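Please open the model in the viewer and keep the selection tool at hand.

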Amino acid sequence: MPRRKARASPKRAHLLETAWRLFYRDGYRTVGIDTLLAEAGVAKMTLYKHFSSKDELIVAVIKKRSEEILAGVAAAVEAAGNSPKRRLLSIFGWLEALFGSRDFSGCAFIRAISEYPDTSHPVHRAAWTHKRAVREMLVGLSREAGAKNPAALADNLRLLIDGALVAAHATGKTTPAKVARVAADQLLEAAKE
């Protein structure tokens with residue numbers, strides 16, 4: 001089926017928000033279209049007016065959430081001031097706040113990748129695109145902070161972040177963000193040598 005143009009409308013926005021809440025809480029594959037429609041209070045025709053398939057809806061949800069997260073992280077980095085080290089480490093403060101939020105339920109992107117393991121699937125690709133965008137942000141911050149090999153530091157930091165996301169989800173604690181911040185600080189210092 002041909003891709004439909006994304007149209008800004010209140011119903012589309014409502015569908016995206018409802019889908020996000022359900023997918024994040026219950027999983028992408030678990031939530032059926034009928035459940036989504038009942039929860040959103042819209043007809044099937046409304047859904048298919050905006051999205052040609054459930055997969056297209058999931059991809060739109062992932063892209064929207066990615067934009068929101070990247071904007072939130074960028075705001076935290078900017079709020080950290082001019083110190084390159086503080087800017088880079090501010091990501092872990094942002095994570096700590098995320099982990100402490102009432103609705104934190106793990107990483108939506110890791111979940112998407114695990115539920116859609118085929119690397120050519122659009123959902124998998126959308127989630128991995130987010131992970132690559134995070135890495136690119138980390139490369140830039142690592143370069144600013146004086147890392148000799150910014151890409152290598154970014155790869156290590158991304159692994160720390162993903163590990164902290166999983167550990168925070170498993171434990172329900174914010175501690176993994178603090179532990180990851182200490183490790184990130186040590187990695188940064190070693191990356192400057």
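**First stop: Lys85 and its partners**

Select Asp185 and Lys85: the two form a salt bridge, with the closest N and O atoms 3.0 Å apart. A salt bridge here is a side-chain nitrogen of Lys or Arg within 4 Å of a carboxyl oxygen of Asp or Glu. Asp185 lies in helix H9 (residues 175-192) and Lys85 in helix H5 (residues 84-100), so the pair ties together parts that are 100 residues apart in sequence. Helices (H or I, at least four residues) and strands (E, at least two) are DSSP runs, numbered from the N terminus.

Before going further, please note that this is a predicted model, in which local features need pLDDT of at least 70 and side-chain atom pairs count only at pLDDT 80 or more, while totals for chains, interfaces and linings use all residues. Residues are numbered from 1 along each chain as its sequence is written, and side-chain values use heavy atoms, with hydrogens and water left out.

Now colour the pair by accessibility. Asp185 is partly exposed, with a relative accessible area of 22%, and Lys85 is partly exposed at 30%. Buried means under 20% relative accessible area, exposed over 50%, and partly exposed in between (1.4 Å probe, protein chains only).

The side chains of Glu189 and Lys85 meet in a salt bridge of 3.5 Å, N to O. Glu189 lies in helix H9 and Lys85 in helix H5, so this pair ties together parts that are 104 residues apart in sequence. Glu189 is partly exposed, with a relative accessible area of 34%.

**Second stop: helices H7 and H8**

Select Asp162 and Lys131, whose side chains meet in a salt bridge of 2.5 Å, N to O. The pair links distant parts of the chain: Asp162 is in helix H8, Lys131 in helix H7 (residues 122-144), and they are 31 residues apart. Are these two residues buried or exposed? Asp162 is buried, and so is Lys131.

Next, select Arg158, found in helix H8 (residues 150-171). A polar atom of the Arg158 side chain does lie 3.3 Å from the backbone oxygen of Lys131. Leaving aside neighbours within four places in sequence, Arg158 is in contact (heavy atoms within 4.5 Å) with Trp128, Lys131, Arg132, Arg135 and Leu138.

**Last stop: the whole chain**

The secondary structure comes to 9 helices and 0 strands. The C-alpha atoms fill a box of roughly 60 × 35 × 30 Å, taken along the principal axes. Buried residues make up 45% of the 193 residues. Among contacts between residues at least 6 apart in sequence, 66% join residues at least 24 apart.

How many salt bridges does a search of the whole structure find? The search finds 14.

Key
A polar contact is a pair of N or O atoms within 3.5 Å; within protein, one must be able to donate a hydrogen and the other to accept it, and residues adjacent in sequence count only if both atoms are side-chain atoms.
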